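Here's a quick briefing for anyone opening this one up for the first time. Have a look at the structure, then read on.

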Amino acid sequence: MMTCKETGRYFDDAADGSLEETKKQDFHAHLKQCKLCSKAFMSYRKSVERLHSAPLLEPGKDVFALIMAKLNAQTAFPAPRERAAKLFFSFRKLSYAAAFCAAVLLVIMAGRTLHMEKIEKETQVVAFLVQQHSMKWELESVNISVPGYGELLGEDIAQDQPPWEKVFTVLGI
Amino acid sequence: MENNFKKVRDDENELLLQCQRGGEQAYRKLYEAYAKKIYTFCARMLGDAQDAEDVLQDTFVQVFKNVESFRFECSAATWIYGIARHLCLDRLRRRKKFLFLSYEQKVEAGESFADSQDPGRALEAAELKSDVQSALEKLPEKDRMVLIYREMLGFSYGDIGVMMGWKEGTVKSRLHHARALFARRLREVQCHDDM
């Protein structure tokens with residue numbers, strides 16, 4: 001047998017008519033015995049039925065025309081607040097574009113700096129090696145290899161062919 | 001049941017697609033499909049016919065203005081009711097802040113509809129002065145909303161959940177609470193009227 005508290009929990013399903021068959025029997029058995037629950041459920045169901053029977057209300061007949069007039073007026077002359085919003089969004093788009101350009105510029109500049117640093121390092125290493133080995137050469141012998149060039153550069157360079165032309169420029173040869 | 005549900009959703013989407021292509025005819029179709037229900041929702045929420053009509057107008061102006069950018073991520077009903085709900089809550093908030101209608105003013109406003117030549121307006125005025133409406137107005141906004149959606153407009157728990165951003169369980173418990181509170185308020189209103 002259901003208690004009053006349990007019965008109250010099934011008011012919704014019972015009012016909707018979606019109570020399971022076994023529970024339905026227990027529910028109605030309790031209502032038969034308990035006048036308080038029976039009264040409460042009747043009032044509950046009645047109030048739900050009042051809501052169900054409330055009719056749909058109808059707007060005035062000229063509302064659609066008024067909507068179209070409002071729509072046309074607003075599209076032709078947007079309200080100051082909307083104009084401000086549009087301006088704000090266009091400004092925001094502009095600032096996004098500016099930020100993107102700045103980022104691209106930054107990447108290019110960083111790349112260039114790194115590239116220049118690499119050239120400088122290469123040149124210094126070759127100058128050092130030239131001094132160390134007291135090597136002499138002529139412009140025609142540009143393809144001589146310098147032992148240890150790749151190793152000294154600290155990079156994974158298999159070849160020992162320095163960029164001779166750059167070196168000659170740096171050393172003033 | 002599932003197929004019917006899908007068909008309704010397809011029809012709703014078709015209406016919106018037509019509106020996206022443009023044309024007053026498509027706008028009118030969409031308006032006619034939703035106007036009564038949206039108006040009922042607004043009138044029950046606000047308890048005032050004139051305010052409800054204003055919100056109905058603003059809702060459709062917003063819908064038509066933004067229909068092109070609608071991406072079908074939710075159903076048309078969810079979107080349109082969402083706009084109406086937002087505008088209703090906005091109006092209720094403004095009313096609380098700036099406008100204090102006295103009981104007499106409210107009755108006068110209702111009577112102006114009742115006296116009108118249009119019989120539809122008189123019925124509406126009578127409905128908005130009924131004990132059901134009085135009891136609804138005594139409920140917190142969310143309870144009122146969930147009762148209107150479920151009991152008056154016939155939305156499923158799932159639909160209400162999507163519209164309110166709640167889980168289905170929350171909708172059920174909120175509805176249970178709202179129904180119980182409404183029954184109590186209705187009894188109070190009826191007792192008050194009998195005195």
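Predicted model: local features only at pLDDT ≥ 70, side-chain atom pairs only at ≥ 80, totals over all residues.

Residues are numbered from 1 along each chain as its sequence is written, chains are lettered from A and ligands numbered from 1 in the order in which they are written, and side-chain values use heavy atoms, with hydrogens and water left out.

**Chain B overall**

- Chain B has ten helices and zero strands (DSSP runs numbered from the N terminus: H or I of at least four residues for helices, E of at least two for strands).
- Of its 195 residues, 47% are buried (under 20% relative accessible area, with exposed over 50% and partly exposed in between, using a 1.4 Å probe and protein chains only).
- Take the chain B contacts (heavy atoms within 4.5 Å) between residues at least 6 apart in sequence: 69% of them join residues at least 24 apart.
- The accessible surface of chain B is about 10,300 Å², and carbon and sulfur atoms hold 51% of that (Shrake-Rupley method, 1.4 Å probe; for residues, only the protein chains shown count as cover).

**The cores**

- The largest nonpolar core has 70 residues, and B:Phe41, B:Phe64, B:Tyr81 and B:Tyr149 touch the most other members (a core is a set of buried Ala, Val, Leu, Ile, Met, Phe, Trp, Tyr and Cys residues joined through side-chain atoms within 4.5 Å).
- Helix α2 (residues 24-46) of chain B gives the most to this core, at 13 residues.
- Leaving aside neighbours within four places in sequence, B:Phe41 has contacts that include B:Tyr81, B:Met145 and B:Tyr149.
- There's also a second, separate core of twelve residues, with A:Tyr44 and A:Val48 among them.

**B:Arg179**

- B:Arg179 sits in helix α10 (residues 168-194) of chain B.
- This arginine counts as buried because its relative accessibility is 1%.
- Not counting residues up to four places away in sequence, B:Arg179 touches residues including A:Asp12, A:Asp16 and B:Glu151.

**Where two helices cross**

- The axes of helix α4 (residues 35-53) of chain A and helix α8 (residues 141-152) of chain B come within 8 Å and cross at roughly 75° (axes are lines fitted to C-alpha atoms, for helices over the stretch in contact, with angles from 0 to 180 degrees between N-to-C directions).
- So α4(A) is roughly perpendicular to α8(B) (65 to 115 degrees; under 35 is roughly parallel, over 145 roughly antiparallel and the rest oblique).
- A:Val48, A:Leu51 and A:His52 meet B:Leu147, B:Glu151 and B:Met152 here.
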